[in-house]
Amino acid sequence: MELKKISEEFLHYLWRLKRFDQSNLTTTDGQAIMIMSGGILNHNAGPDFGQGKVRIENTTWAGNIEIHIKSSDWDKHKHQYDKAYDNVILHVVYEHDKDIRNSQGNTIPTLVIGNRIDQALYERYLLFKDNMDWIPCAQHIGSVDKDRVGLSMYQVLIERLENKMNRINDLYLKVDKDWNRLFYILTAKYLVGKVNAEAAEVLMLSIPYP
C-alpha cells in the first residue's frame, strides 16, 4: 500500500470501526496497548477523537486520540505548541518517523497501524469513496444477507450503549457514587452540546455541588 495514497480520512475510518489487526498491539517503544474505547470522532477543531480510553502496560489512560499519516505530522501541524493537544493519550499513525511531544514536553505514546491494514479493505474503501451514487453502497445492499445486516445493527447499538455506560460509570465514580451530582453534571454536559461537553464536565467537577 503506497504511503502517498493513504489519507487521514481512511485512518479515521479504520480507527472508528476498528478495522485493523488489533492483536499484540504495542507502542513504538514496546509497551503493550489495549484499546478500551476508540473515543468519539471530533468534527470540530482539536484532537481527532475525544473521550478515548486505552491501557498501556498496567496504566489506564482516558483522554483524546490524534491520528496522522506520519508521526512528524504532529510537529508539522504545530501540535507541540498547542495546549489543546496536551490531553492526547495516544498518537495513532500509518508510519512512525520520529517521537513527538506535547507543549509540556511530555512524550506521546505512538501506535503504528500501517502494517495492520488489509489491502483489499483499502481498495474497497477507494471504490466506495470514488463512487458517484448518492449512497455509494446502494448497488450492493441487495446482496447482503438480511440476518447479517440485522446482527451488525444490533452490534453497533450494543457498542454505542456500552460506550455511554462506561463514560457514565467513570463519572459516577469521580463523584463518589453520588447519583444527584452525576445527574447535575450530565444535565450541564447535554445542555452545552457535544463541542463543549468535555469542558462542561471539567468545570462542573471543579465547583462545589449546590
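This is a predicted model: local features need pLDDT of at least 70, side-chain atom pairs count only at pLDDT 80 or more; totals for chains, interfaces and linings use all residues.
The chain holds 6 helices and 6 strands. Read from the N terminus, these elements follow the order α-β-β-β-β-α-β-β-α-α-α-α. Along its principal axes, the C-alpha trace spans about 55 × 45 × 30 Å.

Helix H4, covering residues 146-174, deserves a look of its own. H4 is built from 29 residues and stretches 42 Å between its first and last C-alpha, close to the 42 Å expected at 1.5 Å a residue. At the start, a side-chain oxygen of Asp 145 comes to within 3.0 Å of the backbone nitrogen of Asp 147. Just after the helix, Asp 176 adopts a positive phi of about 55°.

The next element to consider is helix H5, residues 179-192, which packs against H4 at an angle of about 125° with the two axes 9 Å apart. An angle over 145° would count as roughly antiparallel and one from 65 to 115° as roughly perpendicular, so H4 is described as oblique to H5. The crossing of this pair is right-handed. On the H4 side, the residues involved are Ile 168, Leu 171 and Tyr 172, and they meet Trp 179, Leu 182, Ile 185 and Leu 186 of H5. Sorted by class, this contact comprises 7 nonpolar residues, with no polar and no charged ones.

H5 also has a partner in helix H6, residues 194-206; here the angle is about 150° and the axes lie 7 Å apart. H5 and H6 likewise pass each other in a right-handed crossing. From H5, the contact draws on Arg 181, Tyr 184, Ile 185, Ala 188, Lys 189 and Val 192, while H6 supplies Lys 194, Asn 196, Ala 197, Ala 200, Glu 201, Met 204 and Leu 205.

Glu 9, Phe 10, Tyr 13 and Leu 14 of H1 touch Leu 121, Tyr 122, Tyr 125 and Lys 129 of H3. Between them, these residues count as 6 nonpolar, no polar and 2 charged.

Key:
Residues are numbered from 1 along each chain as its sequence is written. Side-chain values use heavy atoms; hydrogens and water are left out. Axes are lines fitted to C-alpha atoms, for helices over the stretch in contact, and angles run from 0 to 180 degrees between N-to-C directions. Helices (H or I, at least four residues) and strands (E, at least two) are DSSP runs, numbered from the N terminus. Angles under 35 degrees count as roughly parallel, over 145 as roughly antiparallel, 65 to 115 as roughly perpendicular and the rest as oblique. A crossing is left-handed if the near helix is turned anticlockwise from the far one by less than a right angle, and right-handed if clockwise. Contact means heavy atoms within 4.5 Å. Ala, Val, Leu, Ile, Met, Phe, Trp, Tyr, Cys and Pro count as nonpolar, Asp, Glu, Lys and Arg as charged, and the others, Gly among them, as polar. The expected span of a helix is 1.5 Å times one less than its number of residues. A polar contact is a pair of N or O atoms within 3.5 Å; within protein, one must be able to donate a hydrogen and the other to accept it, and residues adjacent in sequence count only if both atoms are side-chain atoms.
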